[in-house]
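Here's a walk through a two-chain model, taken a piece at a time. Keep the viewer open as you read.

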Amino acid sequence: MLGQLIVSGLAVGFCYALLALAMVIIYKTSEVLNFAQGEMAMISAFVAFLVLDTYQFSFPVGLLLTLLFAAALGAVLEFVFMRQAKNPTLIGLIIITLGFEMILMGIAGWKWGPDQRSMPFPVPSFETYNFFGLVISKINFWTIIVCLALIVVLFLFFQYSKLGTAMRATQQNQLVARLMGIRTKWIFSFTWAISSIIGAVAGMFIAALTVLDPPMMMDPLMKAFASAVLGGMTSLPGAALGGTILGVVENLFGGYVSMSFKSVVAFAIIVLMLCIRPSGLLGKHFVKKV
Amino acid sequence: MDIKRSYYEDIELFRSKTTLFWSLLFLIFLIFLPWIVAQTHVLGLSVYLLNLIIIHAIVAIGLNILVGYTGQISLGHAGFFAIGAFTTVMFVGQLGIPLILALPLGAFISAIFGFLLGLPSLRLEGPYLAIATMGFGMAVTTIIKHTEFFGGRMGLQAPKLYLFDTALKDIHFYYIIAGVAVVLAIAAIKLFKTKVGRAFIAIRDSDIAAETMGVNLSYYKTLAFAVSAFYTGIAGGLYAFILGFINPESFHIIMSITFLAMVVVGGVGSIMGSIAGAVLMTYLDVKLQAIQDIPGLGAILVKFSEEYMTMAGISNVAIIVYGLIMILIVLFEPLGIFGLWIRTKKYWKTYPF
């Protein structure tokens, strides 16, 4: 029972971790909390559904098209709206991302209606693997593997690639990064595109694990925020760790205490964490300059 | 021109005879408005829609006290709205308390929750506070949904109200709601001419500076949350009775966002602006829900929907327009309708220049 709950919690937790990573990447670069992250992932999952189910493309082609769409979506949102805001206040930036959220949700609701659909996925959800007495459904297993691989790739990208280094430099100090010859404006668009791709992968997995309908990302978005707060809004490893912990804790709570109050766990974790250690598990302590 | 010569000039409600005259005229207009609407159906309004607009105006004023005047963001006001609605209905339906007492009681409970949510705001700011309040809003609806006491997933039926053996209808509620709204709006305007209101504004401008001036941050920040929650709680109680039926599903995060949108569109930091924002956004929302009935544009959209989209989801156009308005306001007119008003006023005052 315990192992079972932990394993299925891990699968969900890695999805939260991906969403939280997507959020933290944007937050670190431009100090914008992206409330539209969930809806960007949702609409990408719907595009995957459109390509795979309605137009019947093969899975690799469909995946590629979806990821391209996600990248374009992120870059376009950054280029068309975020960049135009002059001297935006914090509330202003949050309102802009909330505006995206509503627009994307409206488009998805208009195009696909309120019906619940199931995501076409090459891995069947009812078959299971058996590891030493632990039963794992195939879809959970592959979610864990793919998410882990993606997280590792992301870390390598940020640590060793030229673009990743440029992004880190922009995060640290925009002005100096520009002086060093980095096109920071491009970096912003890239950041949004990469974040949108990561979100899209998470969205596809969440759609496959649950159902595909326009409000599906409301809850996971909240969980992703909780993970980011738990791990530290300014730390990439923190976000990944936070998501994993949240997924497992939440699943254990659902299994042992109460199933119906499962989604309150995220709120409790946010409040507790913010009261005890606002910078998060792995975040650096943040001191505001006057 | 606008020089204030004494302290009492600063705190008086009506700055000139002209303002007093127009305010009285507006009040008389409010009294006759339902009659005009019932007779002419001007702009497709109905008394029910008027009630909804005024309730949203109360919420917008309450939220503006928090967002516009104290500088704390909240994405959880649907939670306070739900608390106000459910507690008021419980007080009236289960305990038989008259509405006039139940409303402030429900709002008071909402204010207590506001105080509790205000506590973490002492350590948080900006994005962190947005996350925490959003979590609060979601937690409230989840808890209500899973508590049998509050009717669970099915929600609650608001009891019918009687005054001298006549069942109250929309038109009666209009006068109750409008009366409450006028009182609350004046209270809000007056609030910012007192010590408490000035402390709120000082916190918005710079909390560190305010603290060094002797403003007790923890007291005033939690107070701002409590006052804001009180306003929203009253609005929630009234909302339950004009709707006749409340369901936890309807108090979702989108509702909190639309409240915030009203404040931003109306004008951050302006009571009159928040009323204007609530009027505009509620009217647009209700009218766009039935977009296919709008002459001309409706037919085109229906055709477009049948061709490329789905007919079942055509009411989602309302959400898209809402989101677009929010973004455009932030990009081009950060002070919202109030900013437009200020600009036109300035233009005419200094006309030839």
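What follows looks at the contact between the chains, then at some helices, and finally at a few single residues.

## The model and its interface

Bear in mind that this is a predicted model. Let's start where the two chains meet: 41 residues of chain B are in contact with 40 residues of chain A. On the chain B side, α6, α11 (253–266) and α14 (317–332) each supply at least two residues. Which of the helices gives the most to the side of chain B that touches chain A? That's α6(B), with 12 residues.

## α9(A) against α6(B)

Helix α9 of chain A (residues 218–231) packs against helix α6 of chain B (residues 127–145) at an angle of about 140 degrees, and their axes are 11 Å apart. That angle makes α9(A) oblique to α6(B). If you're checking handedness, the crossing of α9(A) and α6(B) is left-handed.

Who's touching whom? From α9(A) come M222(A), F225(A) and V229(A), and they meet I131(B), M134(B), G135(B) and M138(B) in α6(B). Sorted by type, the residues of this contact give 6 nonpolar, 1 polar and no charged.

Is α9(A) mostly buried or exposed? Of its 14 residues, 12 are buried, so α9(A) is largely enclosed by the rest of the structure. The buried residues are P220(A), L221(A), M222(A), K223(A), A224(A), F225(A), A226(A), S227(A), A228(A), V229(A), L230(A) and G231(A). Note that M222(A), F225(A) and V229(A), which meet α6(B), are on that buried list too.

The cover comes from both chains: it includes α1 (2–30), α2, α8 (184–209), α10 (236–256) and α11 (264–276) of chain A, together with α6 of chain B. The length of α9(A) works out as well, because at 1.5 Å a residue its 14 residues should span 20 Å, and its end C-alpha atoms are 20 Å apart. Just after α9(A), G232(A) takes a positive phi of about 110 degrees.

## α2 and α3 inside chain A

On the α2(A) side, the contact uses M40(A), S44(A), V47(A), A48(A), V51(A) and L52(A). On the α3(A) side, it uses F59(A), G62(A), L65(A), T66(A), F69(A), A70(A), L73(A) and G74(A). The residues of the contact of α2(A) with α3(A) divide into 10 nonpolar, 4 polar and no charged.

## α4 of chain B

Over in chain B, helix α4 covers residues 77–95. Its 19 residues reach 26 Å from first C-alpha to last, close to the 27 Å expected at 1.5 Å a residue. Of those 19 residues, 16 are buried, so α4(B) is largely enclosed by the rest of the structure. Just after α4(B) comes G96(B), with a positive phi of about 70 degrees.

Two residues in chain A have a positive phi without being glycine. One of them is E31(A), at about 55 degrees, in the loop between α1 and α2 of chain A. E31(A) is partly exposed, with 14 other C-beta atoms within 10 Å. Q56(A) also has a positive phi of about 55 degrees, this time in the loop between α2 and α3 of chain A. With 9 C-beta neighbours inside 10 Å, Q56(A) counts as exposed.

L5(A) is in helix α1 of chain A and is partly exposed, with 17 other C-beta atoms within 10 Å. Although L5(A) and F253(A) are 248 residues apart along the chain, their C-alpha atoms are separated by 9.6 Å. Leaving aside its neighbours within four places in sequence, L5(A) is in contact with N251(A), L252(A) and G255(A).

Last, D207(B) sits in helix α9 (residues 207–212) of chain B and counts as partly exposed, with 19 C-beta neighbours inside 10 Å. D207(B) and A139(B) are 68 residues apart along the chain, and their C-alpha atoms are separated by 29 Å.

Key:
Residues numbered from 1 in each chain as written. Chains lettered and ligands numbered in written order. Predicted model: local features only at pLDDT ≥ 70, side-chain atom pairs only at ≥ 80, totals over all residues. Axes fitted to C-alpha atoms, helices over the stretch in contact; angles between N-to-C directions. Helix = DSSP H or I, 4+ residues; strand = E, 2+ residues; numbered from the N terminus. Parallel < 35°, antiparallel > 145°, perpendicular 65-115°, else oblique. Left-handed = near helix turned anticlockwise from the far one by under 90°. Contact = placed C-beta atoms within 7 Å. Nonpolar A, V, L, I, M, F, W, Y, C, P; charged D, E, K, R; others polar. Expected span 1.5 Å × (residues − 1). Buried ≥ 20, exposed ≤ 12 C-beta atoms within 10 Å, placed from the backbone.
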